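Hello,

Here is the structure I said I would pass on. My notes follow below it.

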Amino acid sequence: MRIPYQIRIRRWLMAGVVLSILALSFAAWGQRTIIEHPKFKAKVKEVVEGDLLILDYNGQDIEVRLYGIDAPEKIGNQPYWKESKEAAEKYCLGETVEVDITKTNVLKQWIAKVYLPDGKNVSWLMAESGYAWSFNPHYRHEVTIRRLEGLAIRNKRGLWAAAEKPIPPWDWFKQHSRPQKKDGKALKVKKVQNVQKAKPAMKAQPVQKAVEQPLEAPKKAEELNEEKP
């Protein structure tokens, strides 16, 4: 007996729905597993910036920021961002690393300590090479990274070899995340405070009628005396 065409279409649609649900469940399971087990091993698939890695964890792409550092921004082509990226690639691209997730940032990205197979901390290597800043506002207790950054500054390594003092990524991001003009200058956005909806203008009352009405003549003294009781 041949199955009607409409029934076959319904079965294919149902199969597609089931497969979609299974795929979403697998992705959610992977995310939950990482959250429940913040330490895991993964392979570095891609280096986006000097402090941003894409990891391959059981066939799933995981984006993590390196703990305790901030590298030059790709946005706006900040000086030394490519050199910083290449330094991170030299250290960890293609390596199977140990990942220790510590927290998430304001962008909901995972912040992680990443260790190479020999136990070296990738964040420490980036600070020591002079291609990343220690991110002091959020990691003041990370003394080692600040010490390694100080050594890189004194020895003029990496971006610290520039004649001009480099702009920190957090300041660069503020300057270059605004809308840009054609000449490359950031547009200034004026802040308007206490903005209220304009009230409809009141209609002017006709004045002509009041003028046209005859004025009442003043009463005489005799009339005023008669009105008195």
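**Pockets first**

Helix α5 contributes the most to the lining of the largest pocket, with three residues. Helices are DSSP runs of H or I with at least four residues, strands are E runs with at least two, and both are numbered from the N terminus. A pocket is an open set of points on a 1 Å grid over the protein atoms alone, where a 1.4 Å probe fits, with protein on both sides within 12 Å along at least five of seven lines; lining residues have an atom within 4 Å of a point.

Before you go further: this is a predicted model, with local features needing pLDDT of at least 70 and side-chain atom pairs pLDDT 80 or more, while totals for chains, interfaces and linings use all residues. Residues are numbered from 1 along each chain as its sequence is written, and side-chain values use heavy atoms, without hydrogens or water.

The largest pocket holds about 510 Å³ of space. Its lining has 21 residues, and the closest to its centre are Asp70, Asn105, Val106, Leu107 and Phe135. Elements giving two or more residues to this lining are β3 (60-66), β4 (69-70), β5 (96-104) and α5 (169-176). By class, the lining has eleven nonpolar, four polar and six charged residues. Here Ala, Val, Leu, Ile, Met, Phe, Trp, Tyr, Cys and Pro count as nonpolar, Asp, Glu, Lys and Arg as charged, and the others, Gly among them, as polar.

The second largest pocket has about 150 Å³. Volumes are the space filled by probe spheres set on grid points, joined across faces, edges and corners. Residues lining the second largest pocket include Trp133, Glu164, Lys165 and Trp172. Its lining splits into eight nonpolar, one polar and two charged.

**Overall fold**

The protein has seven helices and seven strands. Their order along the sequence is α-β-β-β-β-α-β-β-α-β-α-α-α-α. Of the 229 residues, 31% are buried (under 20% relative accessible area, 1.4 Å probe, protein chains only).

**Helix α4**

Helix α4 (residues 143-154) has twelve residues and should span 16 Å at 1.5 Å a residue; its end C-alpha atoms lie 17 Å apart, which agrees. The expected span is 1.5 Å times one less than the number of residues. Its buried residues are Ile145, Leu148, Glu149, Gly150 and Ala152. They pack against β4, α3 (122-129) and β7 (133-134), judged by contacts (heavy atoms within 4.5 Å). Just after α4, Lys156 has a positive phi of about 55 degrees.

Best wishes

Conventions
Buried < 20%, exposed > 50% of the residue type's maximum accessible area, 1.4 Å probe, protein only.
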